[in-house]
Amino acid sequence: MIVHEWLLLILTIAPCDAAEPWQLGSQDAATPMMQGIIDLHHDILFFLILILVFVSRMLVRTLWHFDYQTNPIPLRIVHGTTIEIIRTIFPSIILMFIAIPSFALLYSMDEVVVDPAITIKAIGHQWYRSAPLHEGD
């Protein structure tokens with residue numbers, strides 16, 4: 001039975017991808033948990049690029065509207081209650097789109113395995129010294 005479990009473990013890990021020199025991105029996922037982490041990374045990267053484009057557009061537009069030689073009378077759309085509400089609500093909505101899958105992945109990582117295949121016991125010594133428990137020992 002032990003040989004069968006090791007053979008099954010080797011056959012499931014063997015087709016997995018390995019890291020390569022100058023590789024961009026993560027290697028192929030071996031577990032569903034890692035696949036979820038990679039998918040979350042791609043989703044966050046999408047939102048990051050979306051924010052970058054939006055902020056760059058706002059910066060260029062602000063520079064255009066407040067350049068005295070090009071546009072001596074700036075438009076009213078840059079200032080006002082409506083644009084301030086949009087600038088406040090829009091980032092919080094983006095954060096919610098990021099937080100919901102992130103929490104789902106985080107809580108799925110916290111699940112307890114009922115019957116683990118392997119258990120590791122690690123014992124460490126700090127600075128390779130041991131101190132007596134009591135002063136008289």
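Guide: Start with burial: buried means under 20% relative accessible area, exposed over 50%, partly exposed in between (1.4 Å probe, protein chains only). Here, buried residues make up 7% of the 137 residues in the chain. This is a predicted model, where local features need pLDDT of at least 70, side-chain atom pairs count only at pLDDT 80 or more, and totals for chains, interfaces and linings use all residues. Residues are numbered from 1 along each chain as its sequence is written, and side-chain values use heavy atoms, leaving out hydrogens and water.

Visitor: How many helices and strands does the chain have?

Guide: Helices (H or I, at least four residues) and strands (E, at least two) are DSSP runs, numbered from the N terminus. This chain has three helices and zero strands.

Visitor: Which residues are buried in helix 3?

Guide: An α-helix has 3.6 residues a turn, so residues three or four places apart point the same way. In helix 3, Ile94, Ile98 and Leu105 are buried, and the buried residues of this helix pack against helix 2 (contact means heavy atoms within 4.5 Å).

Visitor: Why does Ile86 count as partly exposed?

Guide: Ile86, also in helix 3, counts as partly exposed because its relative accessibility is 43%.

Visitor: And which residues form the nonpolar patch?

Guide: Phe46, Leu50, Ile51, Phe54, Val55, Ile86 and Phe90 do, with about 580 Å² of accessible area together. Helix 2 (32-65) and helix 3 (81-109) each give two or more residues, and helix 2 gives the most, with five. Accessible areas come from the Shrake-Rupley method with a 1.4 Å probe; for residues, only the protein chains shown count as cover.

Terms used:
Patches are made of residues with over 30% relative accessible area and no salt bridge: like charges are joined within 9 Å, nonpolar side chains (Val, Leu, Ile, Met, Phe, Trp, Tyr) within 5 Å. A salt bridge is a side-chain nitrogen of Lys or Arg within 4 Å of a carboxyl oxygen of Asp or Glu.
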